[in-house]
Amino acid sequence: MLKIEKLTKIYPGEPPVNALSDISLEMTEGLFGLLGPNGAGKSTLMKILAGLLEPTSGRVTLDGADLSNPQNRLRHFERLGYLPQDFGFHSHLTGERMLGFLLELKGVTGPKGRKALVSELLERVNLADSANRKLREYSGGMRQRLGIAQALAGDPRLVIVDEPTAGLDPEERLRFYRLLAELAVGRIILLSTHIVEDVATVCPKFAVIRKGKLVALTTPRDARESLKGQIFEGVVEQSNLDTIREEYFVTQAMVYDGANKVRLFLEKGSPPADFECVPPTLEDAYFISMKTENHLMGTGLNKASGGVL
Ligand code: ADP
Ligand code: MG
């Protein structure tokens, strides 16, 4: 189990940046999503969990081993696979060469030697056919799969992937989800993302952070359930849109077939005329968790089933 207790990170400077405030979370085997907008603190948390950045206060333990202990930290690196957000590849190298080079840096050799391990890993992430192609010819999805291959070397207990699906097209994204789901058996995979669909599709459990604070800890189903009967949808004339926004909590407004299709969150009272109660989506839940201050506070974190706070 990966346990995060009261983690706070303040980047010193003028003014100091409070990137994480009092975050507590526990993750067991399987895929766990960390969802939040740009600047929420996702990469900061990932770097701390990877043992690359010191927290200002708080504690991280993996299977009971406290990361602040130097001995444990060395051991942590051996049990960790990490795909950073800005992973650099040398585009003139082939996939095989690049991966070989990364494994050398990581100090990992397989039982049959490093070359055999490179082939195995390329097979695992479905890149064997492109092993001899230069990285400049790889698509975004292929690059991310190569990134996952290096993270998997050494059979890590914990795999951390920071925004791996940004910039992938829908097909590549689905393929990447399948790979992550396969790999999550018997290990902890932590996926950070600003894309709601990522957690909706592959994460049985996820947390939402905003401005360094934990605002939800839930499952996709519980997040939707918590809003049941409170999301309404209707079509609004352009001239009425501002009034609706002032009077109601609009979660989404999109132009659809020349009209404004509006979804809104309503706990009590009546919706505008011709609005219908609709099944909540995870986007609704995410949007509400981004916009409310203490709104649903107390309904989620203290409840065993979780919920949007
Ligand atoms: P995310 O990955 O969710 O986009 P980050 O963890 O990168 O968020 O950043 C969280 C906050 O910390 C942001 O306000 C960012 O500007 C700030 N930040 C990140 N890295 C540093 C740093 N090295 N020094 C100072 N501030 C930083
Ligand atoms: Mg980031």
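**View 1. A four-stranded open sheet in the predicted model.** The sheet has the strand order β2-β1-β4-β5 with antiparallel pairing; strands (E, at least two residues) and helices (H or I, at least four residues) are DSSP runs numbered from the N terminus, and two strands pair if DSSP finds at least two bridges between them. At the edges lie β2 (17-27) and β5 (65-66), each of which pairs on one side only. This is a predicted model in which local features need pLDDT of at least 70 and side-chain atom pairs count only at pLDDT 80 or more, whereas totals for chains, interfaces and linings use all residues. Residues are numbered from 1 along each chain as its sequence is written, chains are lettered from A and ligands numbered from 1 in the order in which they are written, and side-chain values use heavy atoms, with hydrogens and water left out.

**View 2. The β4-β5 pair and helix α1.** Strand β4 (residues 57-62) runs antiparallel to β5 and is joined to β5 by two bridges. Thr61 stands opposite Asp66 of β5. Helix α1 (residues 42-49) packs on the sheet, where the helix touches β1 (2-11), β2 and β4; contact means heavy atoms within 4.5 Å. The direction of α1 makes about 120 degrees with that of β1, with axes fitted as lines to C-alpha atoms, for helices over the stretch in contact, and angles running from 0 to 180 degrees between N-to-C directions.

**View 3. The surroundings of ligand 1.** The residues around ligand 1 are Tyr11, Val17, Ala19, Pro37, Asn38, Gly39, Ala40, Gly41, Lys42, Ser43 and Thr44, each having a heavy atom within 4 Å of the ligand. An oxygen atom of ligand 1 lies 2.5 Å from a polar side-chain atom of Thr44, and an oxygen atom of the ligand is 3.0 Å from a polar backbone atom of Gly41. A nitrogen atom of ligand 1 is 3.4 Å from an N or O atom in the Tyr11 side chain. Of the 560 Å² that ligand 1 exposes when taken alone, the protein buries 61%; accessible areas come from the Shrake-Rupley method with a 1.4 Å probe. Helix α1 gives the most to this shell, with three residues.

**View 4. Glu233 in strand β11.** Glu233 is found in β11 (residues 231-236). Its side chain makes a polar contact with that of Arg263 at 2.7 Å, a polar contact being a pair of N or O atoms within 3.5 Å, where within protein one must be able to donate a hydrogen and the other to accept it, and residues adjacent in sequence count only if both atoms are side-chain atoms.
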